[in-house]
Amino acid sequence: MNEQVDPLRLTAVDQLTAFGVDLSPEFRAVLEPRPKRKLVSGGVQAGKSMEGACEVAVPVIELGLRIALGLASTRRYLYWVVMPTYRTPPKEMQYMASWFREMGILTKEHWPDGGSARLELWGGRVVVETRTSQDPEGIASEAVDGILVVEAGQQPENIYTACLDRTVTRDGWVTLTGTLEDEEAKPRYVWYGDYASKWESVADDEHASYRLPTWANRTIFPAGRSDPRFESRLRELGQYTFDRRYGGIPRGSQFPIYPVAQQNTE
């Protein structure tokens with residue numbers, strides 16, 4: 001995979017850090033590459049919401065630089081954050097609103113109860129809004145430049161397919177984020193873990209999967225992986241569950257005898 005990053009993208013990342021966003025080395029290693037189809041498997045409390053917000057904010061800030069340099073089209077640009085429900089505005093949108101306000105580029109914001117949140121930048125030239133997989137018709141309505149799917153493991157695979165359809169005309173990007181394991185026993189759709197494993201093994205400029213471990217969150221774990229809490233959890237959970245829940249590692253079956261048995265029956 002070509003790991004070279006556009007200088008404007010790096011500048012956009014640096015602008016976020018200049019406005020107080022603390023990006024650990026693990027965060028930057030996940031954030032800076034930009035394959036067209038990207039998956040970030042995160043550990044619990046790894047800071048996935050902030051990383052997801054950066055996945056949208058960085059290309060938006062980069063677009064602003066291109067607009068200022070006269071390198072962008074004069075059309076309106078649209079980005080979506082797709083989430084399981086409209087129950088509460090996602091932290092990703094709240095983070096972005098805070099950053100864009102401080103940067104002085106947020107023109108208008110809309111936070112309806114139980115509806116789609118919306119941020120308008122540069123007088124409406126760029127729009128970031130939420131969609132939900134509970135309203136498939138709302139994901140089948142417009143051409144979109146980039147889509148972030150939040151907690152993708154809690155959403156069906158056809159949502160990912162719909163997002164691909166929405167971005168195809170603008171040659172846009174789709175990024176999936178979420179955990180492989182969580183502490184609340186929420187159901188996980190198998191496709192998400194399968195994609196994480198497949199894209200990690202065949203990473204290229206079109207598809208790639210990255211891990212955001214829990215210890216990437218230096219605000220909570222300043223010592224990183226060396227924090228003694230992780231050794232305690234490793235002893236309690238075992239290597240397989242620990243790797244998935246805290247390392248975001250898309251391992252296969254916990255009990256490898258099963259695929260062996262399947263081979264013997266063929």
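Mentor: A disulfide is counted when a pair of cysteine sulfur atoms lies within 2.5 Å. By that criterion, a search of the whole structure finds zero disulfides. This is a predicted model, in which local features need pLDDT of at least 70 and side-chain atom pairs count only at pLDDT 80 or more, while totals for chains, interfaces and linings use all residues. Residues are numbered from 1 along each chain as its sequence is written, and side-chain values use heavy atoms, with hydrogens and water left out.

Trainee: How many residues does the largest nonpolar core have, and which element gives the largest share?

Mentor: In soluble globular proteins, nonpolar side chains tend to be buried together. A nonpolar core is a set of buried Ala, Val, Leu, Ile, Met, Phe, Trp, Tyr and Cys residues joined through side-chain atoms within 4.5 Å. The largest one here has 43 residues, and those with the most contacts inside it include Leu-16, Val-56 and Phe-100. Its largest share, eight residues, comes from helix H3, where helices (H or I, at least four residues) and strands (E, at least two) are DSSP runs numbered from the N terminus. Leaving aside neighbours within four places in sequence, Leu-16 is in contact (heavy atoms within 4.5 Å) with residues including Cys-54, Ile-61 and Trp-99.

Trainee: What is the nearest side chain of opposite charge to Arg-166?

Mentor: Lys and Arg count as positive and Asp and Glu as negative, with His and the chain ends not counted; a salt bridge needs a side-chain nitrogen of Lys or Arg within 4 Å of a carboxyl oxygen of Asp or Glu. For Arg-166, which lies in helix H5 (residues 157-167), the nearest such side chain is Asp-165, 4.9 Å away, and this buried arginine has no salt bridge.

Trainee: Where is Trp-122, and what is its phi?

Mentor: Most residues other than glycine have a negative phi. Trp-122, in the loop between strand S4 (118-121) and strand S5 (126-132), has a positive phi near 50°. Glu-151, in the loop between strand S6 (146-149) and H5, likewise has a positive phi, of about 45°.

Conventions. Buried means under 20% relative accessible area, exposed over 50%, partly exposed in between (1.4 Å probe, protein chains only).
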